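Reader: I am new to this structure and would like to be taken through its strands step by step. Could you begin once it is in view?

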Amino acid sequence: RLLAETVAADSPANTLPAEGSTEETILVVEDDDDVRASSVESLREIGYRVIEAHDGPSALRLLERKLRVDLLFSDVVLPGGLTGAQVGDQARAMRPGLKVLFTTGYARNAIIHHGRLDKGVHLITKPFNLNELAAKIRDVLDAPGSDRDRTKPT
C-alpha cells in the first residue's frame with residue numbers, strides 16, 4: 001500500500017455542535033483502507049485538515065517533515081511493528097504537547113486492562129458516528145495537556 005497523504009484546505013464546515021477548524025490538522029493512522037477513508041471523510045466533513053498514514057512508521061515520517069499536526073488520531077492495533085501506543089509515545093517525544101486520540105474496535109476495558117493503553121487515555125471505540133467523533137475530537141483538542149493524556153511507556 002502506498003502512503004496516502006492528503007490535506008484538505010477548503011473542507012466545508014458542518015453545523016455540528018463540535019465543529020472543527022480548517023486551521024487544525026489531524027493525522028489519521030489506520031491500517032484498514034476503508035476505515036481510514038471513512039474517518040478521513042468524516043473529519044473533513046466536520047471541517048478539519050487531514051493527513052493520513054497506513055501504519056505507525058509512515059505516521060512518524062510525516063511528523064518528521066514538520067507538517068502542522070494538532071492531533072494524532074490512531075488505531076490501537078497497527079501493522080508495521082509499532083502499536084498505536086508506541087506511535088503516540090514516539091510522536092509526543094518528537095512533538096511534546098501533541099494531543100492524541102486512540103480508536104479501536106475492541107471494548108475499552110479489554111484494551112486498557114490488557115496493557116495496550118493506560119487508564120485515562122483518550123479513546124473512542126468503533127463504530128462511532130459523526131456526532132460522537134466530532135465531540136470527542138473537540139474535547140481532546142480543547143483539553144489541557146496532562147499526564148492523563150500519556151500512553152504506557154514502552
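Author: Both faces of β3 are covered, with Leu71, Phe73 and Asp75 buried on one side and Leu72 and Ser74 buried on the other. Buried here means under 20% relative accessible area, against over 50% for exposed and partly exposed in between, with a 1.4 Å probe and protein chains only; helices (H or I, at least four residues) and strands (E, at least two) are DSSP runs, numbered from the N terminus. This is a predicted model, in which local features need pLDDT of at least 70 and side-chain atom pairs count only at pLDDT 80 or more, while totals for chains, interfaces and linings use all residues. Residues are numbered from 1 along each chain as its sequence is written, and side-chain values use heavy atoms, with hydrogens and water left out.

Reader: In which order do the five strands of the open sheet stand?

Author: Strands count as paired if DSSP finds at least two bridges between them. β1 (residues 25–29) and β3 are joined in the parallel sense by four bridges, and β3 and β4 (residues 99–104) by five bridges, also parallel. β1 and β2 likewise pair in the parallel sense, over five bridges. The open sheet, with its parallel pairing, has the order β2-β1-β3-β4-β5.

Reader: Which strands stand at the edges of the sheet?

Author: An edge strand here has a single partner strand, so one side of it is left without a neighbour in the sheet. From one strand to the next the twist averages 20°, the axes being lines fitted to C-alpha atoms, for helices over the stretch in contact, with angles from 0 to 180 degrees between N-to-C directions. The edge strands are β2 (49–53) and β5.

Reader: Which residue of β4 is the bridge partner of Asp75?

Author: β3 pairs with β4 in the parallel sense, and within β4 the bridge partner of Asp75 is Thr103.

Reader: Is Leu123 buried or exposed?

Author: Leu123 is found in strand β5, residues 123–125, and its C-alpha atom is separated by 5.5 Å from that of Thr103, 20 residues apart along the chain. Since its relative accessibility is 6%, Leu123 counts as buried.
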